[in-house]
Amino acid sequence: MPRELAYIDANILVAYCLGGKSKEYQQAKSVMEKAIRGKCTIIISYFTLSETLIAIKRIIAKSKYKEISKYKINELKNI
């Protein structure tokens, strides 16, 4: 029996990388588990991989910016 093919988009990859309890994460986890068990083959285009990396970088940068901003605000309050 041939394996099922799963064409993955950036939303699924980002959700899987970030984890959590969202519906998107649960779907991504399901697909990844199928692939690990050898039930399906995941196909990811170069464009999708690039889009995923850009999205994750933006999320990390935004998170770090918020963290730095909170630190600076608290620092200014202590002056």
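Me: How many helices and strands does the protein have?
Reply: This is a predicted model. The protein has three helices and two strands.

Me: And in what order do the elements run?
Reply: From the N terminus on, the order is β-α-α-β-α.

Me: What share of the residues counts as buried?
Reply: The protein has 79 residues, and 18% of them count as buried.

Me: What about the surface? How much of it belongs to carbon and sulfur atoms?
Reply: Carbon and sulfur atoms hold 60% of the accessible surface, which comes to about 6,700 Å² in total.

Me: Let's go inside. Which residues make up the largest nonpolar core?
Reply: Seven residues: Ala6, Ile8, Ile12, Leu13, Ala28, Met32 and Cys40. Two elements, α1 and α2, each give two or more residues to this core. Helix α2 covers 23-36.

Me: Which residues of α1 are buried?
Reply: Helix α1 spans residues 10-18, and its buried residues are Ala10, Ile12, Leu13, Val14 and Ala15.

Me: What comes just after α1?
Reply: Gly19 does, with a positive phi of about 70 degrees.

Me: Tyr16 is an aromatic residue. How many aromatic pairs does a search of the whole structure find?
Reply: The search finds one aromatic pair. Its members are Tyr16 and Tyr25, and the pair is stacked. The centres are 6.1 Å apart, with 20 degrees between the planes.

Me: Why does that count as stacked?
Reply: Because stacked requires planes under 30 degrees apart, and this pair has 20 degrees.

Me: Is Tyr25 buried or exposed?
Reply: Tyr25 counts as buried, at 16% relative accessibility. Tyr16 is partly exposed, with a relative accessible area of 34%.

Me: New topic. Where is Thr52?
Reply: Thr52 is in helix α3, which runs over residues 46-77. Thr52 is buried, and its relative accessible area is 4%.

Me: What does the side chain of Thr52 reach?
Reply: The side chain reaches the backbone oxygen of Thr48, at 2.8 Å.

Me: And which residues is Thr52 in contact with, leaving aside neighbours within four places?
Reply: Ala10, Leu13 and Val14. Those three are among the buried residues of α1.

Me: How about Glu24? Where does it lie?
Reply: Glu24 lies in helix α2. Glu24 is partly exposed, with a relative accessible area of 41%.

Me: What does Glu24 touch?
Reply: Ile12 and Ala15, not counting residues up to four places away in sequence. Between Glu24 and Leu13, the C-alpha to C-alpha distance is 9.4 Å. They are eleven residues apart in sequence.

Me: Now charges. How many salt bridges are there?
Reply: The count comes to one salt bridge. The side chains of Lys34 and Glu4 form it, at 3.9 Å from N to O.

Me: Which parts of the chain does the pair link?
Reply: Distant ones: Lys34 is in helix α2, Glu4 is in strand β1 (residues 4-7), and they are 30 residues apart.

Me: How accessible are Lys34 and Glu4?
Reply: Lys34 counts as partly exposed, at 29% relative accessibility. Glu4 is also partly exposed, with a relative accessible area of 44%.

Terms used:
Residues numbered from 1 in each chain as written. Predicted model: local features only at pLDDT ≥ 70, side-chain atom pairs only at ≥ 80, totals over all residues. Heavy atoms only, no water. Phe/Tyr/Trp six-rings, centres within 6.5 Å; stacked < 30°, edge-to-face > 60°. Buried < 20%, exposed > 50% of the residue type's maximum accessible area, 1.4 Å probe, protein only. Helix = DSSP H or I, 4+ residues; strand = E, 2+ residues; numbered from the N terminus. Polar contact = N/O pair within 3.5 Å; in protein donor to acceptor, adjacent residues only side chain to side chain. Contact = heavy atoms within 4.5 Å. Core = buried A, V, L, I, M, F, W, Y, C linked by side-chain atoms within 4.5 Å. Areas by Shrake-Rupley, 256 points an atom, 1.4 Å probe, with all protein chains shown as cover. Salt bridge = Lys/Arg side-chain N within 4 Å of Asp/Glu carboxyl O.
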